[in-house]
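Here's a quick walk through a few spots worth a look. Have the model open as you read.

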Amino acid sequence: MVRDYRLNDIDEIVAIWLSASIKAHDFIESAFWKSNISMIRDVYIPASETLVYETEGEVVGFYSLYENSLAAIFVAPGSQGKGLGSVLLADAKNRRERLQLTVYKENTPSITFYEKHGFTLCGEQIDEHTGHPELIMEYHS
């Protein structure tokens, strides 16, 4: 079930973000992700429209929208491969006519996932925090 984020979800959201970020971005040192925990917890999540996927009382995935940007979409590593990311992305697409996101160029599985769900490449940039190339992708309903 997808529902609005609640304040008491924050520990589960941060844990999912950290574990999934480390798994998906093995080309970036895990220390980078760990150094950003407080920024995610205290700034990014509260500033965004965040929804979670809850199953059996446990948050197993989430996404965050900031204006027309899909700022985050993560599923707990143990729950990946079960279609939860597709459910979360479909929910996000239903809330906006247009979505834009950035994804690391080295993150091929995520690029394939976004392409499968109708996102197209519209640019490339360097992530100022990591120095790694990112693709800019867009979706229009």
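## Ground rules

Burial here goes by relative accessible area: buried means under 20%, exposed over 50%, and partly exposed in between, using a 1.4 Å probe and protein chains only. By that scale R6 is partly exposed, because its relative accessible area is 43%.

This is a predicted model, so local features need pLDDT of at least 70 and side-chain atom pairs count only at pLDDT 80 or more, while totals for chains, interfaces and linings use all residues. Residues are numbered from 1 along each chain as its sequence is written, and side-chain values use heavy atoms, with hydrogens and water left out.

## R6 and its loop

R6 sits in the loop between β1 (2–4) and α1 (10–24). Helices (H or I, at least four residues) and strands (E, at least two) are DSSP runs, numbered from the N terminus. In sequence, R6 and L51 are 45 residues apart, yet their C-alpha atoms are 8.7 Å apart in space.

## Aromatic pairs

Rings of Phe, Tyr and Trp (its six-membered ring) pair up if their centres lie within 6.5 Å; planes under 30 degrees apart are stacked, over 60 edge-to-face, and the rest tilted. That rule gives eight aromatic pairs. One of them joins F113 and Y114, edge-to-face at 5.5 Å centre to centre with 65° between the planes. Y114 counts as buried because its relative accessible area is 9%.

F119 and Y139 make a tilted pair, 5.6 Å centre to centre and 40° between the planes. This one links distant parts of the chain: F119 is in the loop between α5 and β6 (120–126), Y139 is in strand β7 (residues 133–140), and the two are 20 residues apart. Both partners are buried, F119 at 2% relative accessibility and Y139 at 15%. There's also an aromatic cluster, formed by W17, F27, F32, W33 and Y104.

F113 belongs to helix α5 (residues 108–116). Leaving aside residues up to four places away in sequence, F113 touches G85, S86 and L89, where contact means heavy atoms within 4.5 Å. Y63 is 50 residues from F113 along the chain, and their C-alpha atoms are separated by 15 Å.

H117 lies in the loop between α5 and β6. Is H117 buried or exposed? H117 is buried, because its relative accessibility is 16%. Again skipping residues up to four places away in sequence, H117 touches S86, L89, K93 and Y139. So S86 and L89 turn up in the contact lists of F113 and H117, with contact meaning what it did above.
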